[in-house]
Amino acid sequence: MNMVGMGVTIVLILAVGGVGVWYWLRIKETASHEKVEDKTPPRIPQEPIFGEDLINSGDIKVDEIKTLPPVEEPQPESQSPLQEEETVEEVREILPKEPEEEEEPVETPPVLEEIDDSGLPKYDPFVTELVRITFKKPVTGSQLAPFVKTAMENAPRGLLRILALEANSNRWFVPDAIGMFSAIAFYIQLASGKASFDQVSLSNLYQLVFLRMEMNLDGTSEMKEMQLLNNHTDQLNALIKNFGVQITLLLRPLEPVSIDDFEKETMLLGLKRRSMTHYEKLGEMVLDKNGKRQGNRKGTIELRWLDDRNIAISLNVPLIAPESDPLRLLMTAANAFAAVFDAKIVDPKGCEISGATVSLLKQELDRFYKQMRENNIEPGSVRAHQLLD
């Protein structure tokens, strides 16, 4: 009996110990799991990240994304209208008024917009000759190219314009290397105040371009005889010599004016620079009799720095219509520049300009403009600008 009781006691002790060991191991395992989970931060619901993938998916509209309102910066105290006006006037006194941007004078003659029955731009036969060559079969632009190049090389700059008739559209264009053309037209301005054709350049156009195009490209030309072209050129050059007139006055400052000071002051007064020592004041638009614009503004009053004691101011007489009172424009400009440079206004001989001098100039101008009109050159017109500028 004692042996049985002892055995039961041992079994109970072993059972209790086993349960204790199992329970202890279970607690340890649970603790270790809790420690591992503690190392991973808990998942917290977050706002969606608006990446390109979400925007492109169409789930989220871009305009629904709200941004923070901008931080308002403290505003300065508002000025009364009077204070604001005073501030503007102070700025105007410190900063010179920038001159309005003027259009660059161009060396090429104005492109006329009127079209004749053949589709070509109309031209003024008083100063320009038109040579047109028609081909029996369309020619390529590459065939025309060497003749066009030769023509441009033998023409004074700005006096030759070339158009070609595109075979498919039957419209006139500047010839290129790709198109097919059935005719070509040469607008030859025979003379201008800047350049002029001479007998050699006209002969080269006639021999090397027009005759060869007729022969090599099977064309038929419409042009005057060489002698008639030469006579026309001589007549225009004579008109340029007679009517390419300027009235020039001298500004003689009391103190020397450096080229840098001249440049700065002249720019501030709104003149257009042609070189470091040469500036011009642009005149009115060139209009036709119906008021349509026919060309860009040309230099009407010019200012030149001769040396630090002499500045020349000139009026391009034929480029201004008498109705614009050109003499008044010249004297107004001369007085303005004289005030800037603290200068006297004198004639080329050094005599100061008086009221009698101005009256004499007025009489000369009236007579000059009358002579221009008698020779079919309207002062300030497109023709005057083409021929005398």
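Contact here means heavy atoms within 4.5 Å. Helices (H or I, at least four residues) and strands (E, at least two) are DSSP runs, numbered from the N terminus. This is a predicted model, in which local features need pLDDT of at least 70, side-chain atom pairs count only at pLDDT 80 or more, and totals for chains, interfaces and linings use all residues. Residues are numbered from 1 along each chain as its sequence is written, and side-chain values use heavy atoms, with hydrogens and water left out.

**Exercise 1.** Check the span of helix α6 (residues 226-243).

Solution. Start from the rule: 1.5 Å times one less than the number of residues. For the 18 residues of α6 that gives 26 Å, and the end C-alpha atoms are 26 Å apart, which agrees.

**Exercise 2.** Find what the buried side of α6 packs against.

Solution. Buried means under 20% relative accessible area, exposed over 50%, partly exposed in between (1.4 Å probe, protein chains only). Among the buried residues of α6 are Leu 229, Thr 233, Leu 236 and Phe 243. The buried residues pack against β1 (128-140), α5 (199-216), α9 (355-374) and α10 (382-388). Take Thr 233: its relative accessible area is 3%, and it touches Leu 190, Ser 196, Phe 197 and Leu 202, not counting residues up to four places away in sequence.

**Exercise 3.** Classify the ring pair of Phe 243 and Phe 368.

Solution. Rings of Phe, Tyr and Trp (its six-membered ring) pair if their centres lie within 6.5 Å; planes under 30 degrees apart count as stacked, over 60 as edge-to-face and the rest as tilted. Here the centres are 5.6 Å apart with 70° between the planes, so the pair is edge-to-face. Phe 243 lies in α6 and Phe 368 in α9, so the pair ties together parts 125 residues apart in sequence.
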